[in-house]
Amino acid sequence: MNLISPHEDPTMTERVNNFPPLPKFLRIKPCFYQNIDEEIPQPHTQIVHKVYKLWILYSITLCVNLVSCIAWVAGGGSAVNFGLGLLWLVLFSPCSYACWFRPVYKAFRADSSFNFMAFFFIFFLQCVLALIQTLGINNWGACGWIATVMFFSTNVGSAVVMLFSALLFTVDTVLMGLVLIKIHRLYRGGGGSLQHAQEEWSTGMWKSAPVREAGINAIVETGPSLPQYPASVPSYPENRPW
């Protein structure tokens, strides 16, 4: 299926939002269009795929944490932890996608310094939150190390279940730190800076989509293949195993 600008040929099929994938019988429709292999320049598809998988892992961790909170309450812990664990799952799963994955997706898609800066700021806060969840402070709704180790003296069975959550939060925190460092190096290596982000904000370029339209036009001309991105996209250092 070719993707075209609606101004060129209204008879052709337009690009349709496809994320999150929802059953067709629901009245709620997907909010975003996501196609990493199509929209992201080829040298950077790997890093964007990794960030997407990291978001999935964090969402899975929040699900496991909710199960751990149930075991925590069943073993004699406070019910506040279950309530907060449920809140973190419902709140942070969609918000983390919208607040830090989408900015980095748009940043690599359109060489947007503004979106890179938004990603760095929000993702740093995410790293701090993941570290707090890894620690496992009582009555925070996160089964981290402090809560898990201390609960072994109360209920061993519940503590063993809580241990899975602590391990996953640890993995998330480490990977998030690596991702933050990796993308910052790519951005700085490509000549990006805070000044560029400020210029985009002052000129309003951050909310325009010239790169996206150029990619759509390229697909129309060449058929269903990867779009040709403009020469303005910087040459970031190549991805290496990390």
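# Reading helices, burial and contacts

Q: How do I read burial, and is Gln133 buried or exposed?
A: Gln133 is buried, because its relative accessible area is 3% (buried is under 20%, exposed over 50% and partly exposed in between, with a 1.4 Å probe and protein chains only). The model is predicted, so local features need pLDDT of at least 70 and side-chain atom pairs pLDDT 80 or more, while totals for chains, interfaces and linings use all residues. Residues are numbered from 1 along each chain as its sequence is written, and side-chain values use heavy atoms, without hydrogens or water.

Q: What elements does the protein chain have?
A: The protein chain has eight helices and zero strands (DSSP runs numbered from the N terminus: helices are H or I with at least four residues, strands E with at least two). Read from the N terminus, its elements run α-α-α-α-α-α-α-α. Of the 242 residues in the protein chain, 41% are buried.

Q: Where is Gln133, and what does it touch?
A: Gln133 has its place in helix 4. Apart from neighbours within four places in sequence, Gln133 is in contact (heavy atoms within 4.5 Å) with Tyr58, Leu62, Trp88, Ala142, Cys143, Gly144 and Phe169.

Q: How do I describe two packed helices, for instance helix 2 and helix 4?
A: Two packed helices are described by the angle between their axes and the distance between the axes. Helix 2 and helix 4 (residues 113-135) pack at about 35 degrees, and their axes are 13 Å apart (axes are lines fitted to C-alpha atoms over the stretch in contact, with angles from 0 to 180 degrees between N-to-C directions). Helix 2 brings Leu54, Tyr58 and Leu62 to this contact, and helix 4 brings Phe123, Gln126, Leu129 and Gln133. By class, the contact of helix 2 with helix 4 has five nonpolar, two polar and no charged residues (Ala, Val, Leu, Ile, Met, Phe, Trp, Tyr, Cys and Pro are nonpolar, Asp, Glu, Lys and Arg charged, and the others, Gly among them, polar).

Q: At what angle do helix 2 and helix 6 pack?
A: Helix 2 and helix 6 (residues 156-189) pack at about 160 degrees, with axes 9 Å apart. They are therefore roughly antiparallel (over 145 degrees). The contact of helix 2 with helix 6 has 21 nonpolar, five polar and two charged residues by class.

Q: Which residues does Thr61 contact?
A: Thr61 sits in helix 2 (residues 45-74). Beyond neighbours within four places in sequence, Thr61 is in contact with Leu168, Phe169 and Asp172. Thr61 counts as buried because its relative accessibility is 0%.

Q: What about Trp100: buried or exposed?
A: Trp100 is buried, because its relative accessible area is 1%. Its place is in helix 3 (residues 79-110). With neighbours up to four places away left out, Trp100 has contacts with Val51, Leu54, Trp55, Cys95, Phe119, Ile122, Phe123 and Gln126. Trp100 and Asn115 are 15 residues apart in sequence, with 9.2 Å between their C-alpha atoms.

Q: How far apart in sequence and in space are Phe32 and Ala98?
A: Phe32 and Ala98 are 66 residues apart in sequence, and 9.4 Å apart in space from C-alpha to C-alpha. Phe32 lies in the segment before helix 1 (36-39). Leaving out residues up to four places away, Phe32 touches Asn17, Asn18, Phe19, Tyr97, Ala98 and Arg102. Phe32 is partly exposed, because its relative accessible area is 25%.

Q: What share of contacts joins residues at least 24 apart?
A: In the protein chain, among contacts between residues at least 6 apart in sequence, 68% join residues at least 24 apart.

Note on methods: Parallel < 35°, antiparallel > 145°, perpendicular 65-115°, else oblique.
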